[in-house]
Amino acid sequence: MGCSYHIPKTNIDLEEEDEDSVETLTSYQCLVNKTNEDNLHSQQNLVNKTCDEGNKEEAYYQKTIKRFEELVASLPKGKGWMTEHLVYYKGCWLTAYGALKGLMFIQDHFKAQPTDIFLATFPKCGTTWLKALIFATMNRSRYDFPSHPLLSASPHDCVPFLDAYIFQNNPVSSIHSLPSPRLFATHIPYDLLPNSMISSGSRFVYICRNPKDVLVSKWVFMNKARPKELPPLSLEDAFELFCKGVSHYGPFWDHVLGYWKASLESPEKILFLKYEEMMREPFVLLKRLAEFLGQPFSLEEESDGVVHEIIRLCSFENLSSLEVNKTKVKRFSNQLVIDNCDFFRKGRVGDWENHLTKEMTERLDQITEEKLEMVLD
């Protein structure tokens with residue numbers, strides 16, 4: 001049977017082992033220190049890069065502001081509807097510190113993507129309704145109807161105006177990280193859209209409306225949004241301004257024609273809708289809208305009533321009755337805050353008959369027939 005012996009370590013052996021342990025520990029600590037230094041160096045480089053990018057963006061931002069201030073001082077002015085003045089820029093009347101400034105930020109900072117979807121409208125042509133329909137159609141597989149975002153959020157929160165969104169989200173580059181497809185709205189005339197938006201492959205949905213209803217709806221809305229220090233705008237004054245083309249994003253007829261002609265040239269990229277037809281045949285035209293957006297309804301969805309449920313969800317009666325649209329506000333900027341309820345007036349066709357005189361009607365009809373003969377056919 002073998003025996004094992006334990007030979008005690010001498011002091012010399014212990015000292016050598018301690019020296020080895022110290023050396024190993026020192027090497028490990030050096031490695032840890034170097035790793036930490038490398039990590040700190042990488043983090044500092046990232047911080048420096050982020051700061052550099054932020055500084056560059058801020059400088060670019062200030063460059064746009066300077067360009068705007070120089071431009072706005074040189075533009076002709078006209079009487080405003082909800083502001084004291086409008087400015088005339090490349091054939092269009094715009095609010096200076098809202099529409100024009102927003103347009104210039106879009107021109108300088110916005111990069112359109114092929115998957116972007118834009119709702120384009122002249123003000124008071126069914127913008128709120130179409131925002132809801134587009135949002136609900138594009139997100140129908142994402143949300144259940146009983147807990148749908150449109151039950152607790154304004155359509156203007158779900159599909160923001162591009163120029164207002166750029167103002168409210170700083171840095172501007174944050175807009176590029178939004179999930180695809182990005183949904184935006186704009187009142188910008190087609191001829192003023194930056195080429196990057198037109199040539200990007202993005203899709204546009206445009207809706208027009210009878211100008212007589214547009215005039216009345218716009219007059220009522222703008223008076224509610226008009227600052228209290230300015231006197232109310234009379235219907236007679238609004239009528240004269242509208243006929244002369246002096247209204248936000250006007251002239252109305254040029255706005256419609258711009259998108260109409262573009263829709264004929266690129267029907268796969270621009271869908272042209274009419275408010276009155278949408279009101280008459282919502283089922284048919286919502287299906288057409290979904291097909292254009294690349295999200296056609298399946299036969300199963302149709303049989304399950306999905307189309308009808310979206311129409312009901314987005315109806316004037318439903319949206320206007322929701323608490324969010326009765327009591328909340330929409331802040332487009334520090335200067336422009338609108339009660340959500342003001343976006344819901346009557347939602348019907350032909351209310352102009354209750355406001356316009358025979359002479360007003362005949363004059364508007366004559367202008368419309370001359371300007372929009374092709375569209376009306």
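**Reading the labels in a predicted model**

The largest nonpolar core of this predicted model has 116 residues, and Trp81, Leu100, Phe110 and Leu130 are those with the most contacts inside it.

Q: Which helix gives the largest share of this core?
A: Helix H3, residues 127-138. Eight residues of the core come from H3.

Q: What makes this set of residues a nonpolar core?
A: A nonpolar core needs buried residues of nonpolar type, joined through side-chain atoms within 4.5 Å. The 116 residues form the largest such set. In soluble globular proteins, nonpolar side chains tend to be buried together.

Q: Which residues is Leu100 in contact with, leaving aside neighbours within four places in sequence?
A: Phe68, Leu71, Val72, Leu75, Val87, Tyr89, Leu94 and Thr95. Contact here means heavy atoms within 4.5 Å.

Q: Why is Lys328 called partly exposed?
A: Its relative accessibility is 48%. Buried means under 20% and exposed means over 50%.

Q: Where is Lys328 found, and what does Lys328 touch beyond four places in sequence?
A: Lys328 is in the loop between helix H15 (323-327) and strand S8 (329-331). Lys328 touches Glu323, Asp339 and Asn340. Lys328 and Asn340 are twelve residues apart in sequence, yet their C-alpha atoms are 5.8 Å apart in space.

Q: Why do strands S1 and S2 count as paired?
A: Pairing takes at least two bridges. S1 (residues 77-79) and S2 (residues 85-89) have three bridges, so they pair, in the antiparallel sense. Gly78 has Leu86 in S2 as its bridge partner. A hairpin of five residues joins S1 to S2.

Q: How do you know that S2 also pairs with S3?
A: Three bridges join S2 to S3 (residues 92-94), and at least two are needed, so the two strands pair. They run antiparallel. Tyr88 stands opposite Trp93 in S3. Two residues lie between the strands of this hairpin, and Lys90 takes a positive phi near 50°.

Q: What makes S5 and S7 edge strands?
A: The open sheet has four strands in the order S5-S4-S6-S7, with parallel pairing. S5 (183-186) and S7 (270-274) each pair on one side only. Neighbouring strands of the sheet are turned by 20° against each other on average, direction ignored.

Q: Which residues of helix H8 are buried, and what do they pack against?
A: In H8 (residues 235-243), Leu235, Ala238, Phe239, Leu241, Phe242 and Cys243 are buried. The buried residues of H8 pack against S1, helix H7 (211-225), H9 and helix H16 (358-371). Just after H8, Gly245 takes a positive phi of about 90°.

Q: What lines the second largest pocket?
A: Its lining has 16 residues. Arg142, Pro179, Pro181, Arg182 and Leu183 lie nearest its centre. H3, helix H4 (155-158) and S5 each give two or more residues to the lining. The pocket has a volume of about 370 Å³.

Key
Residues numbered from 1 in each chain as written. Predicted model: local features only at pLDDT ≥ 70, side-chain atom pairs only at ≥ 80, totals over all residues. Heavy atoms only, no water. Buried < 20%, exposed > 50% of the residue type's maximum accessible area, 1.4 Å probe, protein only. Axes fitted to C-alpha atoms, helices over the stretch in contact; angles between N-to-C directions. 1 Å grid on protein atoms, 1.4 Å probe; cavity = no way out; pocket = protein on both sides within 12 Å on 5 of 7 lines; lining within 4 Å. Points joined across faces, edges and corners; volume = space filled by probe spheres on them.
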